[in-house]
Amino acid sequence: MLGLRCIVGDLCGGGRLLRRLPHVQQKWRCESVQLYGLPPAPRLPRQTQVCFLSQGQNPTGSRAKMKLRTRLLVTLLFGGGLLAVWWFVHREKQQKLHRQRIEQLQKVAVGQGDFSLLDHTGRRRTKRDFLGSWVLLYFGFTHCPDICPDELDKLSAVVLALDQDASLPPVQPLFITVDPERDNVAALARYVKDFHPRLIGLTGTPEEVKHAGRDYRVYANPGPKDEDGDYIVDHTILIYLVSPDGLFLDYYNRMKTQEQITESIRNHMKTYVRL
Ligand SMILES: [Cu+2]
C-alpha cells in the first residue's frame, strides 16, 4: 500500500514538473480538452498572424516599410530629374542640328526659288503646289534622241521601286523642259505618257523656263538648226531630289544606277527631319 502511494506520488510530482514546461503546457491543454471531448481551439491562419504583427506588434517592420517608401520616392524623383535633363539636352541638340541643316541648305542655294509653269494638262503649277511631297526633278527636252528618254526611264523605275515599299511616302516625278520653243503643253502631254503615270511635264515661256532652270543651276544651250529646222539642246543631265520642305537635298548624275538612286532616296526619307 505504501509502495503504491509512493508510485502515485512520484507520478503526480513528475506530472506537475512537466506541466511547468511551456511547450508541454500547450500540448497538455490540448490533450486535456480532447480528452473531455471538446474541439481544439482554432488556430489563426499564418497570414493573419503576420498581419497582426506588422500592424501593431512590430514597430521595426513599420519603420522599414517607411524607409522603403522614402527610398522609392527618392529614386523616382532622381530618375525623373535625370530624364528631364536628358530630354532638355536632347531637344537642344536637335534644335542645333536643325538650325545647322537649314544654314547648310541655304548656303547651297540650289532650287531655293519658286517656279510658275504650265503642266501637260495646261494647268498652272508652282513649286508651292509640291510642298509636302518628295519630288524627283529632271530637266530635258522631248526631241532628245537618247539621253533624256534613258534618264526618264531610270527615274520612272526608281519611283516604281519606291512605290513598292508601302512604308515610304510617294515621290512626285517632274519633267521641266529646257526647249519651250517646241515643247508646248500638247507635246508634253504626248511625251509623259511613255513614262511613269504620275510624271508631270512642265513648260512655259522662254523666260519662265529659264527662271526655273536657273534656280537649279541648269545649263541649257540650243545647238544650230539643220535644214529641217531640227536641233539638239545641250543641257545639264541631273536628277534632283527635293524634300517636302521644297529644299534641294541631293542629285544623281548619269553614272548613278537605278538601284543606287533608289537606295539613296530611301536613306534620305528614313533620316529626314521636317524643318
Ligand atoms: Cu536630253
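## Working through a predicted model

Strand 3 (134–140), helix 5 (147–164), strand 4 (171–177), strand 8 (239–242) and strand 9 (248–252) are among what covers the buried residues of helix 8. Keep in mind that this is a predicted model. Grab the structure and let's go.

**Exercise 1.** Work out which residues of helix 8 are buried, and how its reach compares with the expected one.

*Solution.* Start by finding the helix: helix 8 covers residues 258–271, which makes 14 residues. Next, check its reach: from first C-alpha to last you get 20 Å, close to the 20 Å expected at 1.5 Å a residue. Now look for residues under 20% relative accessible area, the cut-off for buried. In helix 8 these are I261, T262, S264, I265, R266, H268 and M269. As a bit of background, an α-helix has 3.6 residues a turn, so residues three or four places apart point the same way.

**Exercise 2.** Find which atoms hold the copper ion, and at what distances.

*Solution.* Pick out the donors: SG of C144, SG of C148 and NE2 of H235 coordinate the copper ion, at 2.2 to 2.3 Å. Then read them along the chain, where the donors are spaced as C-x3-C-x86-H. Finally, check the two cysteines: both C144 and C148 are buried.

**Exercise 3.** Describe the largest cavity: how much space does it hold, and what lines it?

*Solution.* First, the count: there is one cavity of 30 Å³ or more. The largest cavity holds about 60 Å³ of space. Its lining includes F115, K127, F130, Y216 and G246. Sort the whole lining by type and you get seven nonpolar residues, three polar and one charged.

Key: Residues numbered from 1 in each chain as written. Predicted model: local features only at pLDDT ≥ 70, side-chain atom pairs only at ≥ 80, totals over all residues. Heavy atoms only, no water. 1 Å grid on protein atoms, 1.4 Å probe; cavity = no way out; pocket = protein on both sides within 12 Å on 5 of 7 lines; lining within 4 Å. Points joined across faces, edges and corners; volume = space filled by probe spheres on them. Nonpolar A, V, L, I, M, F, W, Y, C, P; charged D, E, K, R; others polar. Donors = N, O, S within 2.8 Å, 3.2 Å for Na, K, Ca; no water. Buried < 20%, exposed > 50% of the residue type's maximum accessible area, 1.4 Å probe, protein only. Helix = DSSP H or I, 4+ residues; strand = E, 2+ residues; numbered from the N terminus. Expected span 1.5 Å × (residues − 1). Contact = heavy atoms within 4.5 Å.
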